[in-house]
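Hi everyone, thanks for coming.

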Amino acid sequence: MTHPDDLEQLATAELDATDAQILGELRDLWTAVDPPPPGLAERVQFAMTVAALEAEVARIVQEGVDNPAAAVRSDYEQVSTVTFASESVSAMLDIEQDRTRGLRTVHGWVSASEVEVELRERHRCRRVPVDATGRFSFEQVEPGLVHFVFRPTDGRDDRPVITPAIEL
């Protein structure tokens with residue numbers, strides 16, 4: 001029988017190799033019998049990013065597909081335009097797909113001109129200013145989940161606006 005003082009000592013001790021082995025076996029067991037839902041890691045990262053930025057979250061207000069007739073036949077179609085809106089900013093994205101190289105080009109328009117746009121991809125972040133008319137673009141974007149952050153550059157103390165993740 002284990003003495004209560006021994007349990008307290010064990011609970012406060014550093015993890016050792018045996019602990020790491022047991023935790024690894026538990027992870028493998030739960031991964032096999034009840035794996036996490038697809039996209040959970042991306043949603044958690046998005047929530048953590050929003051919390052870290054103390055950002056306003058834009059909502060998707062409109063999506064357009066390349067072939068509306070195909071959208072009826074399938075649950076997953078390539079979106080060619082997406083419109084986001086929040087209290088302070090709205091943005092429209094036009095997504096072009098380079099079918100030979102598999103990359104995307106994103107042309108966008110933001111309702112404010114003194115804004116910097118950040119594209120957050122899986123392995124990198126890129127920032128571009130918008131022009132006087134609110135236009136911006138990103139080229140050679142890898143397909144996958146991305147989201148955009150719109151930051152005012154005119155010295156306002158407005159919070160940044162972040163979009164939900166979309167798949168390019």
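Let's start with the largest nonpolar core, which has 25 residues. By a nonpolar core I mean a set of buried Ala, Val, Leu, Ile, Met, Phe, Trp, Tyr and Cys residues joined through side-chain atoms within 4.5 Å, and buried means under 20% relative accessible area with a 1.4 Å probe, protein chains only. The members that touch the most others are Val110, Val117, Phe136, Phe138, Phe148, Phe150 and Ile166. At least two residues each come from β3, β4, β5, β6 (115-120), β8 (135-141) and β9; strands here are DSSP runs of E, at least two residues, and helices are runs of H or I, at least four, numbered from the N terminus. There's also a second, separate core of five residues, with Phe46, Val50, Ala55 and Ile162 among them.

Quick housekeeping: this is a predicted model, where local features need pLDDT of at least 70 and side-chain atom pairs count only at pLDDT 80 or more, while totals for chains, interfaces and linings use all residues. Numbering runs from 1 along each chain as its sequence is written, and side-chain values use heavy atoms, with hydrogens and water left out.

Back to Phe148: what does Phe148 touch? Leaving out residues up to four places away in sequence, its contacts (heavy atoms within 4.5 Å) include Leu93, Val106, Phe138 and Ile166.

Now the strands. β3 (residues 79-85) and β4 (residues 90-98) pair antiparallel over five bridges; pairing takes at least two DSSP bridges. Phe84 has Ala91 in β4 as its bridge partner, and the two strands make a hairpin with four residues between them. β4 also pairs antiparallel with β5 (residues 103-110), over eight bridges.

The largest pocket holds about 310 Å³. A pocket is an open set of points on a 1 Å grid over the protein atoms alone, with protein on both sides within 12 Å along at least five of seven lines, and lining residues have an atom within 4 Å of a point. Volume means the space filled by probe spheres set on the points, which are joined across faces, edges and corners. Which element gives the most to that lining? It's α3, with four residues; α3 (40-53) and β9 are the elements that give two or more.

Note on methods: Buried means under 20% relative accessible area, exposed over 50%, partly exposed in between (1.4 Å probe, protein chains only). On a 1 Å grid over the protein atoms alone, a cavity is a set of points where a 1.4 Å probe fits but cannot get out, and a pocket is an open set with protein on both sides within 12 Å along at least five of seven lines; lining residues have an atom within 4 Å of a point.
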